[in-house]
Amino acid sequence: MDISKRNQNRLCVQKLMFGFLRASAAVNVLALSGVCLYLAVNGLSSLSWEFLTAYPKNMMTEGGIMPCIVGTFLLAFGSMIIVFPTGVATAVYLHEYGRHSRLTYYIRFGINNLAGVPSIVFGLFGLSFFVTFLGLGVSLLSGILTLSILTLPIIINTAEEALRRVPDSWREASLAMGATKVQTIVRVVIPAAFPGMLTGCILGLARAAGETGAIMFTAAVYFTPHMPDSILSPVMSLPYHMYILATSGTNIEKTLPLQYGTALMLIFLVVGMNLLAIILRDRLQNRNKQ
């Protein structure tokens with residue numbers, strides 16, 4: 001009787017916890033849906049071909065956001081080009097070589113602390129180091145390097161978790177066949193873990209595309225009359241453009257539709273970039289299963 005009663009209590013607790021998790025997920029989904037619906041209701045009227053292809057004009061109260069779209073795309077993908085191989089290489093060292101040494105303990109400790117640093121601190125670091133000390137100025141390159149440091153902990157943590165999911169038996173089988181450790185990592189471990197690593201890339205893209213504090217001192221400008229012609233040119237970006245319209249515009253009430261349209265376009269851009277990465281990840285997963 002005692003065992004039966006104990007099992008019933010465990011079952012009740014399990015049902016209670018699963019109910020709590022479902023309720024939490026429902027609240028999150030409803031909150032996200034509410035935000036997207038609010039932006040859609042207020043911003044869809046602003047979306048047009050001119051809005052997507054024209055430059056801002058008349059003190060930011062008219063025109064479009066084409067330079068902001070291009071700048072956001074360049075900043076997000078540029079940072080991933082730098083941070084993804086760097087983060088994967090760091091994760092490979094930590095999991096495949098460092099294991100549980102004291103050095104890797106301090107590296108992981110630093111990475112975890114870096115993940116909790118506010119983005120504005122990264123922006124101030126980028127201003128003092130990349131913009132001023134290295135003399136790169138307020139430029140696309142300074143913003144890319146700053147965003148790379150910002151998203152590095154995400155890439156490292158997800159890549160290392162993907163490496164943990166590769167069975168040790170695969171490594172042992174490769175080594176038993178005469179392959180070296182480097183060959184095993186390059187030809188067996190990384191291809192098997194790569195779809196999981198792309199999850200970190202997806203999260204990093206979303207984080208980089210939506211950042212304001214990290215680029216407001218390093219890459220983004222209020223307005224530029226031309227597209228960036230080099231990596232040392234400043235750029236406009238969607239999140240910084242929204243910030244300017246909401247706080248520093250000459251007629252904030254008149255720019256409200258532009259603010260909502262810009263926010264809606266940022267969501268579309270982030271979702272589009274994430275979908276591309278998800279499709280690539282799913283194809284790689286299906287190829288590994290075959």
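A pocket is an open set of grid points where a 1.4 Å probe fits, with protein on both sides within 12 Å along at least five of seven lines. Its lining residues have an atom within 4 Å of a point. The model described here is predicted. In this model, the second largest pocket has a volume of about 180 Å³.

**The second largest pocket**
- Phe77, Met80, Ile81, Phe84, Pro85, Leu198, Cys201, Leu205, Met273, Leu276, Ala277 and Leu280 line this pocket.
- H3 provides the largest share, with five residues.
- By class, the lining holds 12 nonpolar residues, no polar ones and no charged ones.

**Cysteines**
- A disulfide is a covalent bond between the sulfur atoms of two cysteines.
- The count of disulfides in this model is zero.
- Cysteine 12 has a relative accessible area of 51%. It is exposed because exposed means over 50%.
- Cysteine 201 has a relative accessible area of 12%. It is buried because buried means under 20%.
- Cys201 is also one of the residues lining the second largest pocket.

**Helix H6**
- Helix H6 covers residues 140–164, which makes 25 residues.
- H6 reaches 35 Å from its first C-alpha to its last. That is close to the 36 Å expected at 1.5 Å a residue.
- At threonine 151, H6 bends by about 45°.
- Proline 153 follows within four residues of that bend.

Notes:
Residues are numbered from 1 along each chain as its sequence is written. This is a predicted model: local features need pLDDT of at least 70, side-chain atom pairs count only at pLDDT 80 or more; totals for chains, interfaces and linings use all residues. Side-chain values use heavy atoms; hydrogens and water are left out. A disulfide is a pair of cysteine sulfur atoms within 2.5 Å. Buried means under 20% relative accessible area, exposed over 50%, partly exposed in between (1.4 Å probe, protein chains only). On a 1 Å grid over the protein atoms alone, a cavity is a set of points where a 1.4 Å probe fits but cannot get out, and a pocket is an open set with protein on both sides within 12 Å along at least five of seven lines; lining residues have an atom within 4 Å of a point. Grid points are joined across faces, edges and corners, and a volume is the space filled by probe spheres set on the points. Helices (H or I, at least four residues) and strands (E, at least two) are DSSP runs, numbered from the N terminus. Ala, Val, Leu, Ile, Met, Phe, Trp, Tyr, Cys and Pro count as nonpolar, Asp, Glu, Lys and Arg as charged, and the others, Gly among them, as polar. The expected span of a helix is 1.5 Å times one less than its number of residues. The bend at a residue is the angle between axes fitted to the seven residues ending there and the seven starting there.
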